[in-house]
Amino acid sequence: MEQGKETKQLGSVLIISAIIVGLFVLWGAFSPGSLDAAAGQGLGWMLDNFGWFYMLSTAFFVLFVIVLALSPFGQIRLGKPDERPEYSWYSWIGMLFAAGIGVGFVFWGVAEPVLYYFDTPTGFTPETPEAAVAGLRYAVFHWALHPWAIFSIVGLTLAYVQFRKDRPALISSAFYPLLGDRVHGWLGKSIDILAVIATCTGVATTFGLSALQITGGLSYISPIPNTVATQVIIIAIVTFLFMFSAAKGVDKGIKRLSNINLAVAGVLLLFVIIVGPTLFIAESFVTTLGGYITNVASMSLTMTPFIESAWLGTNTIFFWAWHIAWAPFMGIFIARISRGRTIREFMTGVLVVPSILAVVWFTTFGGTALNLEIAGAAPIGDLVMNNVELALFATLGELPLSAITSFIAVILILIFFITSADSASYVLGAMTSNGSLNPSLFSKMLWGVLIAGTASVLLISGDGGLGALQTASIIAALPFAIIMTIMIVSILIMLGKDYKLEGKKRRRKNRKEIKEEIRDEMYEDIKEEVIEEMKEEMKVEMIEEMKEEMIDEMKEEMIEEMKEEIKEGLIEELEVDQDKNK
């Protein structure tokens, strides 16, 4: 009965979310201008009225995950106590990086620092050395700790309820400690529908952006035109390749592609560091890392109530909302690949490693672009303002072997594109297949085709469609930010109960070990006493035996002596008698 209930609910989630996404797609296809205007008004209202909430909640998320990792809860395992990680560190980090956020690194790695050099944060003068430093710092700020803290909260909670509590891979499962069986009702269903919509719209937007960057790169290094037709063809090719990867599953498909992608990204990164302005990159890394660590608290909690400035809303708050919109997708996927790791190990991998990679990546590519722009070697700034998807290729074009590195960059984006599609189809398949950790190939294919179709329709619809869908997904992030805040309460309840239970188990185990130690010590003591007693008894017996032997020997000697004396006496008497007879 319960299983049928869940299946019906998940069917409703699939139908309702598909209808809502379909309506957005149709709206964007037939009237992209009106959708763009409506979404823009909604986004403006959200930023004006809830910008403070995004800033405060996101800062709280970072603080929470750091404290959680350092707390005694950090030793709790995401799974049963005897489970161990399913994937190696390299494969795990590769899948984290390639699941979707890697596309953001490649797309914005050059563009964002240069953009902030011209369109500076509040308090900085454009096109100055201070603006360049601030540009790199804010680019890292938008892609380091904060987004990964957002993803890690959802990923941690879902990994815990799946592998520790044996609940399905659904966002609503995280609320079972608070809602109980009501997660199977309309409230849980609403949470899952919102998560599916945010995931669909967010991933469709990334499909569009990736297609734009790939076609932009191809047009930069070859005669292939940067047109909508080319972009749709790219999406079709990627969809075919993603289906091939999806058929292999997580272990063979996503894992292998992620390992390859991490290696390709590493090669491209090292190449730019070596042949680019190496000293400038090194100095930028140190300066940006130091500035980020020093200013991360103030940047996280700074609003502009006394200045009429839209920069914070259109940049920092915009990115926070975008990352929150991605949280259901990234969270479910991260949970799937993190089984068996401790919370402390999970936070180190999900929070620290990608943050360090963000600093290295943005200072390398963004620093190189800024160096070219400031030196007047290439008009990177003009490209960022007009065709942001060409920024990476324009930067590589100013370095040696540009044809080869640009081709490698296209391959890198293509693999990121495929792994993002593969990961997204897996997540959506799980969310609409009773939370199964191994959704059917059909469900993954269905969602992959729907997302690809959504991105294609919006690209064909022209200006406004893709941007409107991206804006709509960000608006959907507001209620999900509230859901994440409640999710923290839920995970703390579960961790608190399980930590107490494990504490009792540890105490019982300690008592048992202490008893065994005492028993072993007592056994050794008694054994020693018995051995001593046996030694004493053996000594007494040996002494008695020795006494008896000595007495027997003395008796024999005395008897022999007496015999000799008697013999000697008899001989003497005989001799005397003989003398008398003579």
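## Salt bridges

The structure holds six salt bridges, a salt bridge being a side-chain nitrogen of Lys or Arg within 4 Å of a carboxyl oxygen of Asp or Glu. This is a predicted model, in which local features need pLDDT of at least 70 and side-chain atom pairs count only at pLDDT 80 or more, while totals for chains, interfaces and linings use all residues. Residues are numbered from 1 along each chain as its sequence is written, and side-chain values use heavy atoms, with hydrogens and water left out.

One of the bridges pairs the side chains of E83 and R339 at 3.0 Å, N to O. E83 lies in the loop between helix 2 and helix 3 (89–98) and R339 in the loop between helix 11 (311–337) and helix 12 (343–375), so the pair ties together parts that are 256 residues apart in sequence; helices here are DSSP runs of H or I with at least four residues, numbered from the N terminus.

## A buried pair

The side chains of R164 and D498 meet in another salt bridge, at 3.9 Å, N to O. R164 sits in the loop between helix 6 (145–163) and helix 7 (176–179), whereas D498 belongs to helix 18, 334 residues apart. R164 counts as buried at 15% relative accessibility, and D498 is likewise buried at 9%, where buried means under 20% relative accessible area, exposed over 50%, and partly exposed in between, with a 1.4 Å probe and protein chains only.

## The bend in helix 2

Helix 2 (residues 32–70) bends by about 70° at F50, the bend being the angle between axes fitted to the seven residues ending there and the seven starting there.

Notes: Helix = DSSP H or I, 4+ residues; strand = E, 2+ residues; numbered from the N terminus. Expected span 1.5 Å × (residues − 1).
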